[in-house]
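Here's a quick briefing to read alongside the model. Have the sequence and the 3D view open as you go.

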Amino acid sequence: MKKYLTVKEFSRLSGIEQTTLRYWDEIGLFSPVRRDPENHYRYYSPEQIIAVNFITVLSGLNVPLKTISAMSGERTPENILRLIEQQEKLLDMEMSRLRESYSIIHTRVEMIRYALKLKDGYMALDGVRLDSHTTAEGAIHVDESKISVLKRDEKAFILGPPNVFYEGELFYQPFMRFCRQSEELRINLHYPIGGYHNGMEDFLSAPGKPNMFFSFDPTGNRRRPAGDYLVGFHRGDYGDLGDLPDRMEAYAEDNALTVSGPVYTLYLLDETCVKDPGQYLAQVIVAVRR
């Protein structure tokens, strides 16, 4: 084997870009064994192919070059162990953040896709959505203008503290108080936020004033049980549900449905994807028994 290797040769054998090798030399992290005094060409020894692994392994673990440089002359098993244990903790935190980001994305994708499906509507049988090309006797057409009884899966959520509406206050004032408390309550506001009424009576008397707010966070310790739900939709700003509450009450009476449990208002389309607040799309659901 040759006694010395040029930058190009060392780059080819080590898999490290020539520009990277030059930069490492400039900052004193990893230098060639020899520099030609006349043309200043860099020459590396074959043994440095192994020595450079110290840098590539640690940089591959996202250890900053400055830290690697400081550790270069103090390499001991104990020092390296402490370094990579610290890096392990940082990577654990990053993976946790990425998992939460993925969960938020998944939740919002599911909601937006469903909202888009409602534009043209879809067919459902016994409360369950049918495939696009499936037809069945007794199926009903579901869209955002209709009230229906649909199956809903169990969903986890985090429930906030009781809301207080002072005289003259509407939806936004208690909502802002809820947002200010979110960090203390360990509530991630990037998840969809909804309104929670204790029951149908509270909902009908003040549909725009939920008893509490909730975060649609799948790690929450509260559960919306699976089952049949009376479901309605309305386009409008937060707290504006138009005549939907009255229509849902009338539908329940006309179809001999017994309403029970809390009422959940969740905005399938909100400011994250719609510019005009008047086009926000709310879904209101409450459990029913036939």
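A contact here means heavy atoms within 4.5 Å. With that in mind, Phe 54, Ile 55, Leu 58 and Ser 59 of helix α4 meet Leu 65, Ile 68, Met 71 and Ser 72 of helix α5. Keep in mind that this is a predicted model. Below are the helix pair, the sheet, the aromatics and the charges over rings.

**The α4/α5 pair**
- Helix α4 covers residues 53–60 and helix α5 covers residues 65–72.
- The two pack at an angle of about 140°, and their axes are 10 Å apart.
- The crossing of α4 and α5 is right-handed.
- Phe 54, one of the α4 residues that meet α5, also has the charged end of Arg 75 sitting over its ring, 3.9 Å from the ring centre.

**The sheet**
- Eight strands make up an open sheet with antiparallel pairing, in the order β7-β12-β14-β13-β9-β10-β8-β11.
- β7 (148–152) and β11 (222–224) stand at the edges with a single partner strand each, so one side of each has no neighbour in the sheet.
- On average, neighbouring strands of this sheet are turned by 40° against each other, direction ignored.
- Inside that order, β13 (residues 258–269) and β14 (residues 281–289) pair in the antiparallel sense over 9 bridges.
- To find your place in β14, look for Val 284, the bridge partner of Thr 265.
- Helix α9 (residues 244–254) lies across β7, β12 (227–235), β13 and β14, and runs at about 145° to β12.

**Aromatics**
- The structure holds 23 aromatic pairs.
- One of them is Phe 175 with Phe 213, an edge-to-face pair at 5.3 Å centre to centre with 75° between the planes.
- This pair links distant parts of the chain: Phe 175 is in helix α7 (residues 172–181) and Phe 213 is in strand β10 (residues 212–215), 38 residues apart.

**Charges over rings**
- Arg 75 has its charged end over the ring of Phe 54, at 3.9 Å from the centre.
- Arg 129 has its charged end over the ring of Tyr 122, at 5.4 Å from the centre.

How values were computed: Residues numbered from 1 in each chain as written. Predicted model: local features only at pLDDT ≥ 70, side-chain atom pairs only at ≥ 80, totals over all residues. Heavy atoms only, no water. Pairing = 2+ DSSP bridges. Helix = DSSP H or I, 4+ residues; strand = E, 2+ residues; numbered from the N terminus. Axes fitted to C-alpha atoms, helices over the stretch in contact; angles between N-to-C directions. Phe/Tyr/Trp six-rings, centres within 6.5 Å; stacked < 30°, edge-to-face > 60°. Lys NZ or Arg CZ within 6 Å of the ring centre and 35° of its normal. Left-handed = near helix turned anticlockwise from the far one by under 90°.
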